[in-house]
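Hi everyone, thanks for making time this morning. Please have the viewer open, and I'll talk you through a few parts of this one.

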Protein chains: 2
Amino acid sequence: MSDRLATRPPTLDHVAQVAGVSRATVSRVVNGAPNVDPGLQDLVRRAIEETGYVPNRAARSLVTRRTGSVALVVSEPERHADDPATVFTDPFFGRIVSGVLGVLGPRDVHPVLMLVDSGSVRAGLVNRLRQDHIDGVLLISIYPDDTLPTLLTAADVPTVLFSKPARPAPVSYVDVAHREGTKLAADRLVDRGCARIATIAGPRDVPAGQERLVGFQDAMARHGRPFVASVEGNFTQQGGEQAMERLLAEQPDVDGIFVANDLMAAGAVAVLREHGRRVPDDVAVIGFDDSAAARDCRPPLTTVRQPVENMAAEMARMLLDRIERPDQPPASVIF
Amino acid sequence: MSDRLATRPPTLDHVAQVAGVSRATVSRVVNGAPNVDPGLQDLVRRAIEETGYVPNRAARSLVTRRTGSVALVVSEPERHADDPATVFTDPFFGRIVSGVLGVLGPRDVHPVLMLVDSGSVRAGLVNRLRQDHIDGVLLISIYPDDTLPTLLTAADVPTVLFSKPARPAPVSYVDVAHREGTKLAADRLVDRGCARIATIAGPRDVPAGQERLVGFQDAMARHGRPFVASVEGNFTQQGGEQAMERLLAEQPDVDGIFVANDLMAAGAVAVLREHGRRVPDDVAVIGFDDSAAARDCRPPLTTVRQPVENMAAEMARMLLDRIERPDQPPASVIF
DNA sequence: TCGTCATGAGAGAGCGCTCTCGCACGTGCT
DNA sequence: AGCACGTGCGAGAGCGCTCTCTCATGACGA
């Protein structure tokens, strides 16, 4: 093996010459086409091994118009340039990555990481994806009113969302069974003997917020408590603090709270403490997400666990499937 | 704009025809080559706008042998198939991603995410990178005895490591100034008035472990305490627990401990509590990393902060630079 | 025996781009 | 006037692959 500088890697041609067949035949073997003489197959395979041949992806996707790779797009609301993206710090993100890679890695497809955090990037994304011949998109959108799902489906890019899109769109997604989770929370609060239960909900225009609110209310109703005080937060810690202040003003004797996500729950707990309430002794607080925020608290917050890794894995599987068969109608899997 | 199914995106040819010039000229304009008549440049640019042309990356990299994209490789020790990758859950990872994307995103290069968690993947990686025409690698290796740095440099793949490689290799890396950090920790413990100070070190074969131990010892020596008891851990929480047990057996009256990373510190704190020691009242514990583990504790662990985002950003910049000028000798930046 | 058809393999045309080469033109020198 | 030279552009050859089209071969029924 002379390894002079810039030795070109072996090509289909080399393999063909070594095997004494045509390029087409080698290609057939590589791609597992039927109707190839087993003897020749063997010959070719040996030649491939001998030359150390690896197909050139650029050349392949030039003609097939597919790269065999997908994008993991994280869509954030507009940010100022100075503060860094906060999404990635959330273990949530890591768990998604973990789940996705668990499925993709063994299949030898590696996701391209993209952060969409400004309007211009958002607008250019579709073009970029076409240009890069990205086969599909795993979209993690924490942008309530995101246009990306619509854009992507309009551009006919196979897409799977993490969590249901705010505006209904003909797109696949995975999500948790919010109602199941909220039911668990309601049961827990009631079991604990809480008498005056309230909830800090998420934004009503975000499906997750809406569904967790309604789900919780329903579950409480089934416990014979049709009316549950609720205040609306914006899924941020600060929002949780403000919501908690309002809630305390409205209902000072509250002793059990379901908060629609952990970040708000952390804020709520802080405010409760400021007001001299002990958590969980005086007021029981249950969050939702099982994110880092829950563990930051002392003592750790009770929270509804989401099987994020499994969801992410399923998301990846769904995308692969959609790429395989683009004509299938969008599907959704609920955990 | 007729948008019949599978309308081909515009090519260089189209643009050339619209502009009434040759493909070569359009290519020159796109790539900003000198020696192009300003008038023609204008014409071409207008044609590009009109057609909505976007260069096809596959075609381009087929001839240039570069993709303009880099890989973010996470190298883990061998794992069993059943337990998922734990790296991604660590906020450390998220912070790195955040820093990297901060630099790469604006330059329109998006990293490809790869997890290397088995020998076979490790062995195949170099080939994969060549096949994919990946221009460079950002390597996050938490595998003490990793062969990847050597492999990559041997294959002449531009690489930048996060943290110094265990085996010396001619490769660029970013790292923290362990000695500065450990000095901070030593100062703090002494300032607190701790009299019997010890340290739980990392593995000696990992540079970070070794340097933090030596650095801490040096700093203590400068405080007039040349001998500091130390036990060795393996950078895991469990390892921290075991190390703490040993330390308590050796030196029951310890009242100040520097632990080489936060995970071990968390374990140490737990063991201290089991033994009835109050932290930080009876025993002061200082960790290293500023990872989630530090915040999990109650009260939060004192920890030496690492500017991970900045390090990651610098790492990305270094890689871009190395890709630009491959002949430069490897450099390292210490924070 | 001849024609028909399935089967396996090769020839060759691109995919969209870059880049070298050479041509035409204008400028400055002898 | 003649020659050298630089400058701007187009022609055309690939990059490594896939895929269609064609051809050779052998099996089979009429």
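This is a predicted model: local features need pLDDT of at least 70, side-chain atom pairs count only at pLDDT 80 or more; totals for chains, interfaces and linings use all residues.

Residues are numbered from 1 along each chain as its sequence is written, and chains are lettered from A and ligands numbered from 1 in the order in which they are written.

"Near" here says that a residue's C-beta atom, placed from the backbone, lies within 6 Å of the molecule or strand. Helices (H or I, at least four residues) and strands (E, at least two) are DSSP runs, numbered from the N terminus.

Which helix gives the most to the surface near DNA strand C? That is α4(B), with 5 residues. Of the 26 residues around DNA strand C, Asn35(A), Asp37(A), Thr11(B), Leu12(B) and Ala59(B) come nearest.

Now DNA strand D. There α4(A) gives the most, again with 5 residues. The nearest of the 26 residues around DNA strand D are Thr11(A), Leu12(A), Thr25(B), Asn35(B) and Asp37(B).

Now over to the sheet in chain A. It is an open sheet of 5 strands in the order β7-β6-β8-β9-β10, with parallel pairing; two strands pair if DSSP finds at least two bridges between them. At the edges sit β7 (229–232) and β10 (302–305) of chain A, each pairing on one side only. β9 (residues 284–289) of chain A and β10(A) pair in the parallel sense over 4 bridges, and Asp289(A) stands opposite Arg305(A) in β10(A).

In chain B, 4 bridges join the parallel strands β6 (residues 197–201) and β7 (residues 229–232). Ala201(B) has Glu232(B) in β7(B) as its bridge partner.

Last, a helix length check. How far apart are the end C-alpha atoms of helix α13 (residues 308–324) of chain B? They are 24 Å apart, which agrees with the 24 Å that its 17 residues should span at 1.5 Å a residue, the expected span being 1.5 Å times one less than the number of residues.
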